[in-house]
Amino acid sequence: MIRILYRELHYQIAKRNPLVVNDEKQFKKAIKNAMSLRRGLGVQTFGFIPFGLLMASTFVFTNDRLVLASLMVSLALLPFVFAMYVTAIQASYVLSIGLFKPLEALPIRLGSKYLSGLLFLEVSPALGVILPSVFVIMAKYPLEGILALLWVFIGLFLGHMLGLAIVNFFALKVHQRAGKGHTLKSLVKAVFFLLFIGMFMAMNYLQYYIREHSEEVARIIGKYFIAYPFSVASIFEPSRSVGLLMIYVAIIAPVYYLTLRAVWKKILEPSVVSEKIFVSRFKAKITNKILALTLKDFRMFVRKPAMLVAFLIPLYMVLPTIVDAFRKGQLSLLNVLVVLFMVGLFSVAGADAVLKVEGNVLELLKTLPIRKKEFMLSKILSMTVVPITIGVLIVIFGARYDVDSLLLLPYAFMLPLISASITMLYLFRYTGEDIGIPELSWLHMIFMIIIVGIVFALIAAPLVFGLKHLFVSQEIALGILFILFIIAKKH
Amino acid sequence: MIEVEGLLKKFGEKIVLNGISFRVNNGEIYGLLGPNGSGKSTTMKILVGIVQPTSGQVLVDGVDPTRDSIKVKEIVGYVPETPVLYESLTPREFFNFIGSVRGIPKEKLEERVSQFVEAFGIEEYLDQFIGTLSFGTQQKVSLISALLHDPQVLILDEAMNGLDPKSARILRELLLEFKKEGRSIIFSTHILPLAEMICDRIGLIYKGELIVEGTMGELKERAHEENLEDIFLKLTESKDEVYNIVQALKGTL
C-alpha cells in the first residue's frame with residue numbers, strides 16, 4: 001500500500017513539474033524514478049551523504065566522551081526537526097492533492113498508518129546526513145553507537161509524531177465560514193504555532209553553546225537529562241540510556257497510536273467548525289493581478305498554518321539574537337546585520353511553501369490569463385513578506401539599543417527580495433509561457449542557499465573593511481536587485 | 001468561432017486524438033459527445049491552451065492557443081469536468097481573485113457576480129470555504145467564475161454535473177441566450193436528451209477520432225435510429241455489447 005501511495009505521490013509531483021512535464025524524455029525519467037521506490041529513495045539519500053560525511057568528520061577527530069555526547073545531543077536535533085518539518089509540510093500537501101481520497105471508501109481501520117509510513121519514507125533520505133556520524137561513534141564505541149542509532153530513531157519518531165499532531169490540530173479542520181473572527185482565530189493559531197516551533201528552534205541555539213561551553217553544558221544536560229535531545233547524551237551510560245529509551249518508547253507508542261487514530265478520523269470526516277451565517281451583498285475588491293495572486297497565497301497560509309513551517313527558518317535565525325539581547329541588555333549593529341543576512345539567506349526555504357500552496361489547483365491557474373512572469377513575481381512577493389517583516393522588526397528592535405540600526409533597514413527589504421528572486425528565477429528557468437509548479441527538493445534548496453550565499457558574500461564584501469562602507473554594500477545590493485529585476489522582466 | 005484541423009495528440013506512444021477536425025460557428029452550440037476516455041476533455045483542454053497538441057491547427061476566434069494562449073484564455077470561459085477551486089478560499093474571495101486576475105472592472109464584476117449568485121442560489125454560501133461546499137455548489141462556483149468576464153467562447157466540459165434541476169434549467173436557458181448573442185459554445189455531456197435538445201450540431205468522438213458530425217436530423221438519417229442514445233450506441237459499436245453485458249450480469253446477480 002505504501003509503495004502505491006509513494007509512487008502516486010511522486011507521479012503527481014512529476015506531473016506538476018513543468019520542467020519535466022514539457023519534456024518527454026525527462027518526464028519518462030521522472031516517472032521511472034517515481035515508479036521505483038528504491039531508486040527514488042536511493043537518489044535522494046545519495047545527495048545527502050556528502051553533508052553527512054562533512055558532519056561525521058567532527059566525530060572522527062573527537063575522542064573525548066563528554067564532547068562526543070554533547071555533539072550527539074546537537075546532532076539529535078536534526079532527525080527531530082527534519083521529521084517534524086517533512087511531516088507537517090508533506091502531510092498537508094499529500095492530503096490537499098487528494099492522495100487518500102480513494103482509500104476513504106475502503107474498509108480500512110487505520111488508514112493514517114499508511115500516511116505515517118509514507119511520510120517516514122519521505123523523511124528517510126535525511127538519515128544520510130546523520131548516519132555517517134552515528135557509524136563513526138559505532139566504530140569507536142560499538143554499544144554507544146547502537147544506542148546513538150536508537151536515539152536517532154526516537155528523534156525521528158518524536159518529530160514525526162509532533163508533525164502529525166500539528167497536522168491533526170491545524171490542517172484537518174474544515175471551517176464552514178471565513179470572516180474577521182475566523183481570520184483572527186487563524187492568526188492566533190499561527191502565532192501559537194510559531195511559538196511552539198520557536199521553542200524547538202531555540203533548543204537548536206544550544207548547539208553553539210554546547211560546543212563552546214562543554215563543561216557547563218554537561219551540567220545542564222545532567223540537569224535535564226530526561227528531555228530529548230539532552231537524553232541522547234546518556235549513550236555513554238548504557239544502562240541509564242536503555243532505561244530512558246524504554247520510557248520514551250512506552251510513552252511514544254500509545255500517543256502515536258492515539259494520534260494516528262485521531263488523524264484518520266479527521267481525514268475521513270474533518271471536523272466542521274460551524275459559525276453563524278450572515279449573508280451580505282457581494283462587493284468587488286479588485287487588485288493588480290500579481291497582488292491578487294500573492295493575497296490569495298497569504299489567505300491560504302493563514303488558513304493552513306502547517307504551511308507556515310517553511311517560513312520559520314528565518315525566525316530561527318532571529319530567535320537566538322533576541323534571547324541574547326534580552327539577556328545582555330544590548331544588541332550590537334553587527335549582530336543586527338548578521339541576523340538580516342541570515343534571514344535573507346534562509347528565506348530561500350519559503351519557496352517550498354509558496355509553491356506547494358497551489359496543491360492541485362494548477363489546472364485552474366492554467367485556464368486564467370496569467371503569464372509565467374506574473375506568476376513568478378507573485379511567488380517572489382509571497383516568499384518575501386514574512387522575511388521582510390521579520391527583518392523590519394529586528395531593525396526596529398535593534399534601534400531600541402542603537403538608533404543606528406535604522407541604517408540597516410534597506411537590507412531588511414533588499415536581501416529577502418534578492419534571495420527570493422534568485423530562487424524563483426532559477427526554478428522558473430524553463431522556456432515557454434506556461435505556468436507550472438517546479439520541483440523543489442532538499443538538494444535544490446541547499447544549492448540555492450549556496451548560490452544566494454555567494455551573492456550575499458559579494459554584498460557583504462565592503463563590510464569586511466568596516467561598517468563605514470555600509471552604503472557601498474547597500475548600493476551593490478541595489479545594483480544586484482536591479483539586474484535581477486531586468487532578468488525577471490525579460491523572463 | 002472555433003476551427004480545429006487535423007488535431008493530433010499523443011501521450012507518449014498513445015494516440016489520444018487522431019487528426020480530428022471540426023468547426024463551431026458564432027451563435028452555435030456544438031455538442032462534443034463520446035464515451036469516457038474518448039478524447040473530449042483533451043480536445044477542450046487544447047482549445048483552452050492548457051494542453052499542447054502534438055500537431056494540427058486550432059483557432060479560437062482567430063487566435064492560435066499554441067502561439068498566444070494568454071489571449072485565448074482572455075476570450076474563453078472554461079468549465080472543467082470536475083471543479084478545480086481553491087478550497088480554503090470562500091466563493092466571495094474566489095470571485096474577487098478571478099476578477100482581479102482577469103482585470104474585470106469593479107462595477108461589472110459586482111453586477112455579474114450578484115446576478116449569477118442570485119440566479120444559481122448560492123448567496124448563503126458566499127462566505128463558506130469552498131472545500132466545505134457540496135459538489136453541486138462547487139460546480140456552480142466554477143460555472144460562475146467562467147462566466148464573469150463575459151466570454152465570447154464557452155467551453156463546457158460536463159458542466160451540468162451535480163447541478164440541481166433548477167440550476168440546470170437556468171444554465172440551459174443561459175446557453176441559448178449566449179447563442180442568440182452570437183457566441184460559440186462547445187458543450188460536452190453524457191445527458192444525451194439534453195444534447196439533443198440544445199445542440200445545433202453534434203460531433204461524436206470515439207477512440208480519438210471524430211466518427212460522425214452533423215445536425216440531429218443528419219445523425220438520425222446516417223444511423224437509421226430515432227434518438228441520440230441509440231445513435232450513440234450504434235455508432236460506437238456498443239449496442240450489442242450493452243445487451244450482452246446486461247445478460248451476463250443478470251446471470252451473476
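Trainee: Is Arg23(B) buried, exposed or partly exposed?

Mentor: Remember that this model is predicted. Arg23(B) has a relative accessible area of 40%. Buried needs under 20% and exposed over 50%, so Arg23(B) is partly exposed.

Trainee: Which side chain does Arg23(B) meet in a salt bridge?

Mentor: Start with the general idea. Side chains of opposite charge can pair when their charged atoms come close. Here Arg23(B) pairs with Glu3(B), at 3.7 Å from N to O. The pair links distant parts of the chain, 20 residues apart. Glu3(B) sits in strand β1 of chain B, and Arg23(B) in strand β2 of chain B. Glu3(B) is partly exposed too, at 28% relative accessibility.

Trainee: Where do Glu177(B) and Lys180(B) lie?

Mentor: Both are in helix α6 of chain B, residues 165-180. They are three residues apart, about one turn of the helix. Lys180(B) is exposed at 68%, while Glu177(B) is partly exposed at 39%.

Trainee: What is the N to O distance for Glu181(B) and Arg183(B)?

Mentor: That salt bridge has 2.5 Å from N to O. Check accessibility on each side. Arg183(B) is buried, with 10% relative accessible area. Glu181(B) is partly exposed, with 47%.

Trainee: How many salt bridges are there over all chains?

Mentor: The whole structure has 21. Some share partners: Lys296(A), Asp297(A), Glu358(A) and Lys379(A) are joined into one network.

Trainee: Now the interface. How much area do chain A and chain B bury between them?

Mentor: The size of an interface is often given as the accessible area lost when the parts come together. For chain A and chain B the value is about 3,800 Å², with 63% of it on carbon and sulfur atoms. Chain A gives 40 residues to the contact and chain B gives 41.

Trainee: How many salt bridges are counted between chain A and chain B?

Mentor: Three. One of them joins Lys45(B) to Glu363(A), with the closest N and O atoms 3.6 Å apart. Ten residue pairs are in polar contact across this interface.

Trainee: Which element of chain A gives the most to the side that touches chain B?

Mentor: α14(A) does, with seven residues. By class, that side of chain A has 17 nonpolar, seven polar and 16 charged residues.

Definitions and conventions. Residues numbered from 1 in each chain as written. Chains lettered and ligands numbered in written order. Predicted model: local features only at pLDDT ≥ 70, side-chain atom pairs only at ≥ 80, totals over all residues. Heavy atoms only, no water. Contact = heavy atoms within 4.5 Å. Buried area = accessible area lost by both parts, 1.4 Å probe. Salt bridge = Lys/Arg side-chain N within 4 Å of Asp/Glu carboxyl O. Polar contact = N/O pair within 3.5 Å; in protein donor to acceptor, adjacent residues only side chain to side chain. Helix = DSSP H or I, 4+ residues; strand = E, 2+ residues; numbered from the N terminus. Nonpolar A, V, L, I, M, F, W, Y, C, P; charged D, E, K, R; others polar. Buried < 20%, exposed > 50% of the residue type's maximum accessible area, 1.4 Å probe, protein only.
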